[in-house]
Each structure stands twice: as structure tokens, then as C-alpha cells.
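User: Could you walk me through this structure with me asking things as they come up?

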Amino acid sequence: MIKTTEELALMAEAGRLLASVFIHLDGLTLEGMTTLQINDLVEAYIVDELESRPASKGQYGYGFVLNSSRNHVVCHGVPSADEVLKDGDIVNLDITLEKDGFIADSSKTYLIGNVGPAARRLVRTTYEAMWKGIRTVRPGARLGDIGAAIERHAKQAGYSVVRDYCGHGIGREMHEDPQVLHFGKAGTGMALREGMVFTIEPMLNQGTRKVDTEDDGWTVVTEDGKLSAQFEHTVAVTRDGVRVLTLRPDEAKAGRA
């Protein structure tokens with residue numbers, strides 16, 4: 001689980017490149033596009049512009065470079081030529097990138113057009129919850145501290161935290177130890193050590209935390225049909241705290257890190 005200085009440098013570069021993918025998406029008008037069009041644009045950008053590999057494509061037999069999880073879809077939404085992003089939608093785009101043997105993983109929930117206040121509040125709170133978890137990371141902290149901070153913020157806002165999916169260690173493989181739960185009790189779980197790298201990726205629901213998987217075997221939806229949102233960053237435990245490897249420039253400017 002512990003990455004060397006050299007490995008961390010390579011992971012940081014993969015993270016920087018992945019952040020640039022989201023910067024590219026930020027400059028596009030997503031309304032009116034299909035999720036498959038977005039998938040294809042992202043694939044071309046990663047392969048042609050960044051000379052990198054979209055790590056999700058082919059992973060576990062998955063045929064696309066990203067997950068597109070719209071409205072009541074919690075995670076693992078499959079891009080489709082029939083799914084058009086419309087005014088008022090929210091959609092999470094979860095993207096991975098491998099460069100020089102190391103993988104970065106990040107996601108962002110986008111607001112499409114004129115999104116209503118209830119959906120905006122859910123998206124904002126989910127983003128805040130991710131950062132509450134990130135800010136607990138430091139050597140000697142516990143994995144439970146991350147989950148407790150996320151769950152507390154979500155519950156205070158009246159939302160539930162999905163428990164079926166979690167963050168994970170990452171490096172040469174997409175999914176490594178440890179598992180990073182988004183709920184839990186502070187002061188419990190594995191102690192964090194300098195050199196650990198993992199994702200923090202909470203999914204918050206408006207209603208019940210219970211989910212179902214659709215017949216395609218991938219798409220996970222809220223059981224009650226209410227909205228879900230997610231954000232994700234890849235982070236590294238440093239000597240004195242945390243480094244967000246997939247941090248975007250707009251977040252750095254806003255003082256997130």
C-alpha cells in the first residue's frame with residue numbers, strides 16, 4: 001500500500017493529466033450531447049492529446065472509458081447513444097487514466113442547464129462531504145475518520161450515504177487495498193501512513209441509501225428513484241497531511257488544497 005517517492009511522482013503526473021480531462025469537459029456545452037458522445041470525446045482527448053490510456057476501458061470487461069451516472073443513477077452508468085443530457089439534469093462523469101503504469105481516478109457531478117435548487121443542494125453537499133473526508137487525511141489518522149466526517153456532513157443536510165460502494169487504494173492496479181468507507185466511526189480502522197494513495201468518492205442520495213442494479217449488470221440506481229450525486233479525488237498521504245493528486249486548477253485557486 002505504500003508508494004515510493006518515484007511512484008508518487010508518476011501518480012501525481014497521472015493525476016495532473018486526469019484533472020486536465022475535466023478542465024476540457026468544463027469548457028464544453030454538455031446539454032444536448034449524448035453520454036456516448038461525451039465518452040468518445042474523452043477517449044480521443046486521453047489517447048490523442050494526452051498520450052495516455054483510459055484505464056476503465058476493458059477493466060472487468062467494461063467497454064467504455066467512463067461512467068455516466070445521470071439523475072437517479074448512483075454509479076457505473078453506461079454511456080449510450082440514446083441518452084441525451086437535458087436541461088435540469090445532473091450527471092456524474094467518472095473517469096480513469098493510466099500513464100507510465102500508474103492510474104488516477106476522479107469524478108465530478110455536472111449541472112446541466114437550469115438545475116433546480118434541490119438538486120443543486122445535493123450536488124453541493126456531496127462535494128463538501130468529499131472535502132470533509134479529504135481534510136481528515138494525515139499520518140496517524142484512521143480510515144474511520146474519513147467515513148465519519150463524510151457521514152456527519154451528509155446526515156446534517158438530510159441525505160443518506162450509499163454503503164454498497166467505497167473508495168479504494170490505487171496505483172498500478174485500479175483497485176488496491178485499503179477499502180475506504182464513506183461512513184463509520186472516528187478513531188477506528190487502519191492507521192494512515194505516509195505514501196498511501198487511495199480514492200475518496202462519496203455517493204449521497206436524497207432518499208434511502210438502498211440501491212438496485214439494472215439488468216445490464218452495471219448501472220446502479222437509487223431504490224426509490226430519487227437523485228444521487230458523487231464526487232471523487234485520488235489522494236496521497238504526505239508527511240504532514242494530504243495531497244490531492246487529481247486536484248483541478250479551479251479547486252486550487254479556491255483554496256481547496
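Analyst: What follows is a set of questions and answers on helices, strands, salt bridges and a surface patch.

User: Before we start, what kind of model is it, and how are the residues numbered?

Analyst: This is a predicted model, in which local features need pLDDT of at least 70 and side-chain atom pairs count only at pLDDT 80 or more, while totals for chains, interfaces and linings use all residues. Residues are numbered from 1 along each chain as its sequence is written, and side-chain values use heavy atoms, with hydrogens and water left out.

User: OK, helix H3: what span should its 18 residues have?

Analyst: Helix H3 covers residues 117-134, and at 1.5 Å a residue it should span 26 Å, which agrees with its end C-alpha atoms being 26 Å apart. The expected span is 1.5 Å times one less than the number of residues, and helices (H or I, at least four residues) and strands (E, at least two) are DSSP runs numbered from the N terminus.

User: Which residues of H3 are buried?

Analyst: The buried residues of H3 include Leu-122, Val-123, Thr-126, Tyr-127, Met-130, Trp-131 and Ile-134. Buried means under 20% relative accessible area, exposed means over 50%, and partly exposed lies in between, with a 1.4 Å probe and protein chains only.

User: And what does Thr-126 touch?

Analyst: Thr-126 counts as buried because its relative accessibility is 0%. Not counting residues up to four places away in sequence, Thr-126 touches Pro-202, Leu-204, Ala-229, Gln-230 and Phe-231, where contact means heavy atoms within 4.5 Å.

User: What about Ile-134, which residues is that one in contact with?

Analyst: Ile-134, also in helix H3, is buried at 1% relative accessibility. Leaving aside neighbours within four places in sequence, Ile-134 is in contact with Ile-200, His-233, Val-235, Val-242 and Val-244.

User: Ile-200 and His-233 sit in strands, so how do those strands pair?

Analyst: E8 and strand E13 (residues 233-237) pair in the antiparallel sense over 4 bridges, with Ile-200 standing opposite His-233 in E13. Two strands pair if DSSP finds at least two bridges between them.

User: Which way do the E8 side chains point?

Analyst: In a regular strand the side chains alternate between the two faces of the sheet. In E8, Val-197 and Thr-199 point one way, Phe-198 and Ile-200 point the other way, and all are buried.

User: Switching topic: in what order do the 3 strands of the open sheet come?

Analyst: The order is E5-E9-E12, and the pairing is antiparallel. Strand E5 (160-161) and strand E12 (228-230) stand at the edges with a single partner strand each, so one side of each is left without a neighbour in the sheet. Strand E9 (residues 203-205) pairs with E12 over 3 bridges in the antiparallel sense, and Asn-205 stands opposite Ser-228 in E12.

User: Now salt bridges: how many are there in the whole structure?

Analyst: A search of the whole structure finds 11 salt bridges, a salt bridge being a side-chain nitrogen of Lys or Arg within 4 Å of a carboxyl oxygen of Asp or Glu. One of them joins Glu-176 to Lys-3, with the closest N and O atoms 3.2 Å apart. That pair links distant parts of the chain, 173 residues apart, with Glu-176 in strand E7 and Lys-3 in the segment before helix H1 (5-26).

User: Are those two buried or partly exposed?

Analyst: Glu-176 is partly exposed, with a relative accessible area of 22%, whereas Lys-3 is buried, with 10%.

User: Which residues are linked in a network of salt bridges?

Analyst: Arg-70, Glu-83 and Asp-89 are linked in a network of salt bridges. Within it, Arg-70 forms a salt bridge with Glu-83, where the closest N and O atoms are 3.4 Å apart. Arg-70 lies in strand E1 (residues 66-70) and Glu-83 in the loop between strand E2 (73-75) and E3, 13 residues apart.

User: Where is Val-91, and what does it touch?

Analyst: Val-91 lies in strand E3 (residues 90-99) and is buried at 0% relative accessibility. Not counting residues up to four places away in sequence, Val-91 touches several residues, among them Ser-68, Arg-70, Leu-85 and Tyr-110. The C-alpha atoms of Val-91 and Ser-68 are separated by 6.5 Å, although the two are 23 residues apart along the chain.
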